[in-house]
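Work through the two exercises below with the coordinates open. Each task is followed by a stepwise solution.

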Amino acid sequence: MDLVQQIIERAKSNKQRIVLPEATEERTLRAADRVLADDIANLILIGNPEEIHKLAAEWGLGHIGKATIIDPENNPESEAYAQLLTELRKNKGMTIEKARELMKNPLYLGCMIIKTEGADGQISGALSTTGDTLRPALQIIKCSPGISCVSGAMLLITKAHEYGEDGLLVIGDVAVTPVPNAQQLSEIAVCTAQTARSVAGFTDPRVAMLSFSTKGSASHEVIDKVVEATKLAKELDPTLKIDGELQADAALVPSICAKKAPGSSIAGKANVLVFPCLEVGNISYKLVERLGGAEAIGPILQGIARPVNDLSRGCSIDDIYKMVAVTACQAMDAKKQ
């Protein structure tokens, strides 16, 4: 069974309630129909019910009737949600009038449903920007305890089966925080290891903090940041298996590790790679994807107290379908914390 099917089967085993706030968008609605047909998750669709049913009939989608549909313009919970949003954001100048208006915004409404425990996760981005997806999540759901920044992990399925877990690696940050400081980088390491457990199914995440130096082979302030982040990550999660700073070859190749970092418990056996900055991470995974023929799944947003994931506006129906399963796996894990 391949990784994607494993993720889908885990999602099926404990169905979660996932919000799709862009429910009248064609790819989203078609993906929702597949999810419901395959019994992967319980879906909450936000949009005008008449329009959703009309589109479903027009496109021959026979399973949309299994979803819960919430009309943002006519929602009996709107006033209670607006009152709660006003309380949550009162120090930021939120007024009840503004809150009432925001509760008509499907992205805000979805996050409020999650906040009030009516749903377990949300996916958007087929129509919305990353900023539009993240803003309500950070204002309403907020970051996980002990975490101050959001980051994005990627599942990298390579043909090099000798590396990671039979060629599978989990990498971060590739999507959100451009130049993390040492504290943020430590949080990204902890969160990426957690994603490796909850989504990739790793029982033993081994984190390599990557740099252009291995154990003092070079000297620079950006290396110092990685060293400090490694120390902070160990304090944040004392159970975490982590080492750094390491060059990529030392992190992945045992024979090179033996020369560059003898005695390291991680080097040569890493299955989670943490990049020193977003620029390096984003460029690296795209090069491996294009030049090495790897399959990249994600980005998977992490660091939010309940999963809220962002799609590319160029996403396919299949991308949305897979991300529902990914978000469900994250939601299961979030409930354990």
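Contact here means heavy atoms within 4.5 Å, and helices (H or I, at least four residues) and strands (E, at least two) are DSSP runs numbered from the N terminus. The model is predicted: local features need pLDDT of at least 70, side-chain atom pairs count only at pLDDT 80 or more, and totals for chains, interfaces and linings use all residues. Residues are numbered from 1 along each chain as its sequence is written, and side-chain values use heavy atoms, without hydrogens and water.

**Exercise 1.** Determine which residues of helix 8 and helix 9 meet, and describe the crossing of the two helices.

Step 1. From helix 8, Ala182, Gln183, Leu185, Ser186, Glu187, Ala189 and Val190 meet Lys225, Val226, Glu228, Ala229, Leu232, Ala233 and Leu236 of helix 9.

Step 2. This contact consists of 9 nonpolar, 2 polar and 3 charged residues (Ala, Val, Leu, Ile, Met, Phe, Trp, Tyr, Cys and Pro count as nonpolar, Asp, Glu, Lys and Arg as charged, the others, Gly among them, as polar).

Step 3. The axes of helix 8 (residues 182-198) and helix 9 (residues 221-236) come within 8 Å and cross at roughly 55°. Axes are lines fitted to C-alpha atoms, for helices over the stretch in contact, and angles run from 0 to 180 degrees between N-to-C directions.

Step 4. Helix 8 and helix 9 are therefore oblique to each other (under 35 degrees is roughly parallel, over 145 roughly antiparallel, 65 to 115 roughly perpendicular, the rest oblique).

**Exercise 2.** Give the strand order of the sheet and its edge strands.

Step 1. The open sheet has 5 strands in the order 3-2-1-4-11, with parallel pairing (two strands pair if DSSP finds at least two bridges between them).

Step 2. Strand 3 (68-70) and strand 11 (308-310) each pair on one side only, as edge strands.

How values were computed
A crossing is left-handed if the near helix is turned anticlockwise from the far one by less than a right angle, and right-handed if clockwise.
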